[in-house]
Amino acid sequence: MRRVSLALAAPLGAAALALTPAAGAGAWSAPVRVSAPDRAAYGAAAVAAGPGGGAIAAWVRTPPGAPGGAGRVQVASRRPGGGWGRPRTLSGPGASLTRLALTEGGDAAAAWRNGRLVVAALRRGPAGPWRRGRVVEAAAPVQDLAVALDRHGRATAVWIERLGDDFQVRLATSDAAGGWSVRAARLATPGPEPPSLALSPGRGALAAWVDDGRVLASRTVAGAFERPVEMSDADGSSAGAALGGSGSALVSWSVRLPGGTEVLQAAGRAATAPRWGAPEDVGIGGAPAVAINAFGDAVVAWGGGAAGGDQSVEASTRLKGGLWRASTVLALRRCDCELRATGAAIDGRGTAVVSWRRDEGEAQSGGAAALAPSGERWERAPIPGGAASGAPAVAAAPTVGEAAAWAVGGPGGGVRTAQRR
């Protein structure tokens with residue numbers, strides 16, 4: 001394994017520089033409230049970005065005074081060049097874990113969990129009606145899920161079921177009428193942590209996980225999961241997975257060196273390649289969030305430091321399969337908090353966007369920032385400090401543009417979005 005120098009990370013004193021937009025860079029829009037102006041509780045925000053500023057946002061709304069498990073999925077849409085429409089309710093009570101997908105033509109998909117049910121709603125075109133259908137009633141508790149749409153509007157859903165101490169990954173696909181079929185493909189992974197999931201529109205699924213200190217990955221080939229491939233030596237942890245629109249894949253993980261330092265590594269695989277490339281060092285830290293686009297541009301983001309000391313969010317970006325370039329997204333000095341990278345996306349021109357969560361006692365907040373392909377500094381999304389009740393969701397268009405969505409707690413909170421083009 002090639003070791004990485006501590007100099008890869010920008011100094012923590014560069015916090016102000018890291019959050020200042022470079023001259024000529026794109027700009028985030030002002031925040032827009034997309035949920036209704038009421039006193040309901042909001043959470044589980046999700047977002048998907050399309051061309052020309054088109055986007056959809058979804059969340060779970062719990063009416064005032066209702067119990068915590070009574071939330072319903074709502075969704076709002078923004079047409080290219082237009083404003084946000086009124087929110088629509090897609091689900092009955094008991095929904096959680098919202099996920100979204102959006103195509104360049106305006107087809108959209110929303111998926112969520114309701115107990116052991118996985119449910120999805122599909123929309124054809126930017127103005128079409130939402131059609132809801134049951135994907136599956138899982139045989140075990142659903143841990144995570146993802147949804148994707150191909151260019152014909154056909155959807156794929158992937159989810160994780162917890163089977164005792166272990167996990168199982170399953171797939172389902174929709175037909176032109178919106179009916180769902182569970183595929184025979186399935187993948188078993190060991191506990192204690194669930195695998196990381198990724199979907200590519202029409203290009204299959206990818207899972208990465210840790211087994212006895214070794215990182216493994218498996219992607220679907222011709223509709224079936226291939227035999228798992230060992231990605232790391234011993235002492236690997238915190239696997240993250242991503243699939244691009246062309247089917248190109250990326251897996252990142254951390255490896256602990258003899259002195260205790262955690263080094264992040266990443267390996268890629270082209271859509272038609274029979275094997276994975278050699279691991280490369282991308283930074284120092286663990287628990288990565290990973291993204292790759294259709295052209296091989298990629299981003300890996302992670303949190304660094306420990307509670308009570310210097311804290312940071314770091315990232316490493318790569319353009320067109322070139323060299324990895326590390327930078328500091330956010331830096332805090334002597335924070336009694338914990339910072340963790342939670343999301344990453346990268347648009348068709350190589351602009352990366354990442355999100356993070358800040359845990360400080362029982363309080364949670366978060367933020368997001370974007371980096372242009374030729375930029376030197378990360379441009380922070382306009383989320384007031386402490387306003388987001390947890391990590392924002394982030395997304396990038398397959399062409400140009402980024403989006404962030406976050407829930408705000410308390411009276412007058414709701415769900416807000418910001419976009420960048």
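Author: This is a predicted model. Begin with a sheet: 4 strands make up an open one, in the order 1-33-32-31, with antiparallel pairing.

Reader: Which strands stand at the edges of this sheet?

Author: An edge strand has a single partner strand; here these are strand 1 (32-33) and strand 31 (393-396), so one side of each has no neighbour in the sheet.

Reader: How many bridges join strand 31 to strand 32?

Author: Strand 31 and strand 32 (residues 402-408) run antiparallel and are joined by 4 bridges. To see the pairing at the level of residues, look at Ala 396, which stands opposite Glu 402 in strand 32.

Reader: Next, the cores. Which residues have the most contacts inside the largest nonpolar core?

Author: A nonpolar core is a set of buried residues joined through side-chain atoms. The largest one here has 19 residues, and those with the most contacts inside it are Ala 109, Val 118, Val 135, Val 142, Leu 145, Trp 159 and Trp 180.

Reader: Which strands each supply at least two residues of this core?

Author: Strand 6 (96-102), strand 7 (108-114), strand 8 (117-123), strand 9 (130-137), strand 10 (142-149) and strand 11 (155-163) do. Strand 10 gives the largest share, 4 residues. Apart from this core lies another, of 18 residues, including Val 313, Ala 315, Val 354 and Leu 371.

Reader: What is Val 142 in contact with, leaving aside its neighbours within four places in sequence?

Author: Its contacts are Arg 113, Gly 115, Arg 116, Val 118, Trp 159 and Ile 160.

Reader: Now single residues. Is Ala 266 buried or exposed?

Author: The cut-off for buried is under 20% relative accessible area. Ala 266 has 2% relative accessibility, so Ala 266 counts as buried. Ala 266 sits in strand 21 (residues 262-269). Beyond four places in sequence, Ala 266 is in contact with Leu 250, Val 251, Ser 252, Trp 253, Ala 278, Pro 279, Glu 280, Val 282 and Trp 324.

Reader: What separates the C-alpha atoms of Ala 266 and Glu 280?

Author: A distance of 5.4 Å, although the two residues are 14 residues apart along the chain.

Reader: And Thr 62: buried or exposed?

Author: Apply the cut-off again: the relative accessible area of Thr 62 is 11%, so Thr 62 is buried. Thr 62 belongs to strand 3 (residues 55-62). Not counting residues up to four places away in sequence, Thr 62 touches Ala 40, Ala 41, Pro 67, Gly 68 and Gly 71.

Definitions and conventions. Residues are numbered from 1 along each chain as its sequence is written. This is a predicted model: local features need pLDDT of at least 70, side-chain atom pairs count only at pLDDT 80 or more; totals for chains, interfaces and linings use all residues. Side-chain values use heavy atoms; hydrogens and water are left out. Buried means under 20% relative accessible area, exposed over 50%, partly exposed in between (1.4 Å probe, protein chains only). Contact means heavy atoms within 4.5 Å. Two strands pair if DSSP finds at least two bridges between them. A nonpolar core is a set of buried Ala, Val, Leu, Ile, Met, Phe, Trp, Tyr and Cys residues joined through side-chain atoms within 4.5 Å.
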